[in-house]
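This briefing walks through the surroundings of the ligand, the domains of the chain and the packing of some of its helices. Please keep the structure in view while reading.

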Amino acid sequence: MIDFRLTERDKAALAKTYAEGRIVRKHARYYDEHESEQAPDELPEAADFVAPEVPEVDIAKDTTGPVMMTLNTIASYWGDYAVRLKNRTGGGLGNAALAAAGTPEQIEKWNNLVLSMAITEPGCGSDPSRVQTTAVLDEETNEWVLNGEKIFVTTGIRADGVVCWASLDLSAGRAGIKSFLVEKGTPGFEVPGKEKKLGIRADDTAAYVFNDCRIPRENLLGGDETIPKGKGSGGFRGVMKTFNMTRPMTAAMGLGVVEAAIDFTREQLEASGFEIDYTAGTGTQPAAVERFIELEAQYEASKLTTLQCVWLAGQGQPNNMESSVCKAHAGNTVREVTQGCIDLLGPMGISRDHLLEKWARDCRITDIYEGTGEIQRLIIARGLLDYSRADLS
Ligand SMILES: Cc1cc2nc3c(=O)[nH]c(=O)nc-3n(C[C@H](O)[C@H](O)[C@H](O)COP(=O)(O)OP(=O)(O)OC[C@H]3O[C@@H](n4cnc5c(N)ncnc54)[C@H](O)[C@@H]3O)c2cc1C
């Protein structure tokens with residue numbers, strides 16, 4: 001039976017995260033408008049932060065389970081998506097890839113680094129099997145030589161290194177793709193710039209160039225240099241599994257913003273004299289209240305779908321399709337609910353005096369990275385119909 005109950009410590013940890021979120025939120029507008037600046041690792045008020053009503057809890061040590069981790073992600077991003085993304089602990093998407101595909105020695109060696117993940121290229125996004133970056137082995141020096149270009153790398157400037165997808169043999173398609181760890185400072189690894197974006201402007205989304213970049217042979221994650229013949233996918237399938245946990249986390253990040261929008265809208269409606277009665281029948285309350293309850297219900301549905309996905313992972317059960325379901329659902333929810341909140345609040349919704357317009361911009365990314373909504377729906381359809389990639393692409 002699905003169980004989302006939290007321990008008392010979990011609840012305390014969540015309260016602490018929300019309290020920290022209020023600090024983070026104070027900086028949200030500044031770093032949105034000054035996107036070329038990097039938010040500091042420690043925000044100015046952090047040293048003075050005391051939350052006497054919340055017992056000190058080390059979230060990493062004192063709480064357990066993917067359900068709690070997901071709720072804590074929602075709480076973190078409730079503060080501010082972009083500043084949190086920049087300040088997040090536990091590393092980037094590359095750290096998840098290292099944990100999924102690295103050998104125990106590789107994990108031990110690099111896990112203390114913040115690692116970005118570079119798959120997307122100017123000619124390859126939704127279909128990562130089209131990666132054109134190459135890795136050629138120099139047998140004399142025992143080094144891989146990387147050449148290629150990557151774009152839209154989240155946390156790309158701040159990261160200490162990157163897990164980069166490159167092909168050992170372009171003619172082998174997916175089977176030839178492997179992941180390599182490249183540390184910042186390696187000659188030939190250049191970071192030409194930061195992308196300018198609609199939302200999450202505080203995050204340092206970067207472009208990377210690999211120009212005869214030489215890395216040690218042992219930097220191939222997992223260490224398997226073979227390219228399977230026929231229809232095999234090599235290490236590709238294993239690396240794609242990384243997304244089974246990162247997709248629900250991406251959903252949770254977006255849902256944190258939605259929760260912020262819901263809370264703000266509720267406050268404003270109540271301040272305007274509306275009473276929200278969750279027990280009243282349809283058609284008995286003002287239209288604005290009924291619309292708000294619909295938006296809140298959509299948020300709750302998305303959250304439950306996401307929690308179910310991570311709960312399955314915590315039970316050691318497959319969650320491949322559920323990870324796409326919750327990501328696709330959250331991708332719609334972030335758009336529809338933040339837009340619905342703007343509709344309800346009118347000018348206040350789009351005024352830069354408030355954060356709602358920024359939240360609507362920030363959460364748009366939920367439906368783009370880690371696979372767009374369309375790609376999630378393809379994965380879901382394949383799962384439901386028992387189709388292969390060749391049957392439905
Ligand atoms: C802010 C930001 C951060 C990012 N961070 C990272 C990162 O850290 N690492 C990384 O590697 N990438 C990252 N990305 C890239 C992101 O993963 C890609 O943008 C995404 O996968 C889509 O790829 P694309 O942009 O090439 O679009 P395309 O693949 O060209 O797709 C364009 C449109 O066509 C649709 N489409 C494509 N194929 C199909 C199909 N078969 N059926 C139906 N519709 C289809 C897509 O859904 C999309 O709407 C980031 C992107 C952004 C904007």
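In this predicted model, 22 residues surround the ligand, and the closest of them are Ile 119, Gly 125, Ser 126, Thr 154 and Thr 372. Strand S1 (115–118), strand S3 (143–153) and helix H14 (373–385) are the elements that each give two or more residues to this shell. Because domain 2 (93–234) and domain 3 (243–385) both supply residues to the shell, the ligand lies between these two domains.

**Ligand shell and domains**

- By class, the shell around the ligand is made up of 12 nonpolar, eight polar and two charged residues.
- The domain assignment of the chain lists domain 1 (8–79), domain 2 (93–234) and domain 3 (243–385).
- Where domain 1 touches domain 2, five residues from domain 1 and five residues from domain 2 take part in the contact, and the domain 1 side consists of two nonpolar, one polar and two charged residues.

**Helix H9 against helix H10**

- Helix H9 (residues 243–271) packs with helix H10 (residues 287–314) at an angle of about 155°, and their axes are 10 Å apart.
- Angles over 145 degrees count as roughly antiparallel, and therefore H9 is described as roughly antiparallel to H10.
- The two helices, H9 and H10, cross in a left-handed sense.
- On the H9 side, the residues that meet H10 include Asn 244, Met 245, Pro 248, Leu 255, Glu 259, Ile 262, Arg 266 and Leu 269, while the H10 residues in this contact include Ala 288, Phe 292, Leu 295, Glu 296, Tyr 299, Lys 303, Cys 309 and Val 310.
- Sorted by class, the contact of H9 with H10 comprises 16 nonpolar, four polar and four charged residues.

**Helix H4 against helix H10**

- Helix H4 (residues 66–79) also packs with H10, at an angle of about 145° and with the axes 8 Å apart, and H4 passes H10 in a right-handed crossing.
- From H4, the contact is made by Pro 66, Val 67 and Thr 70, whereas H10 brings Thr 306, Leu 307, Val 310, Trp 311, Ala 313 and Gly 314.
- The residues of the contact of H4 with H10 divide into six nonpolar, three polar and no charged.

Terms used. Residues are numbered from 1 along each chain as its sequence is written. This is a predicted model: local features need pLDDT of at least 70, side-chain atom pairs count only at pLDDT 80 or more; totals for chains, interfaces and linings use all residues. A residue is near a molecule or strand if its C-beta atom, placed from the backbone, lies within 6 Å of it. Helices (H or I, at least four residues) and strands (E, at least two) are DSSP runs, numbered from the N terminus. Ala, Val, Leu, Ile, Met, Phe, Trp, Tyr, Cys and Pro count as nonpolar, Asp, Glu, Lys and Arg as charged, and the others, Gly among them, as polar. Domain bounds come from an automatic or database domain assignment. Axes are lines fitted to C-alpha atoms, for helices over the stretch in contact, and angles run from 0 to 180 degrees between N-to-C directions. Angles under 35 degrees count as roughly parallel, over 145 as roughly antiparallel, 65 to 115 as roughly perpendicular and the rest as oblique. A crossing is left-handed if the near helix is turned anticlockwise from the far one by less than a right angle, and right-handed if clockwise. Two residues are in contact if their C-beta atoms, placed from the backbone, lie within 7 Å.
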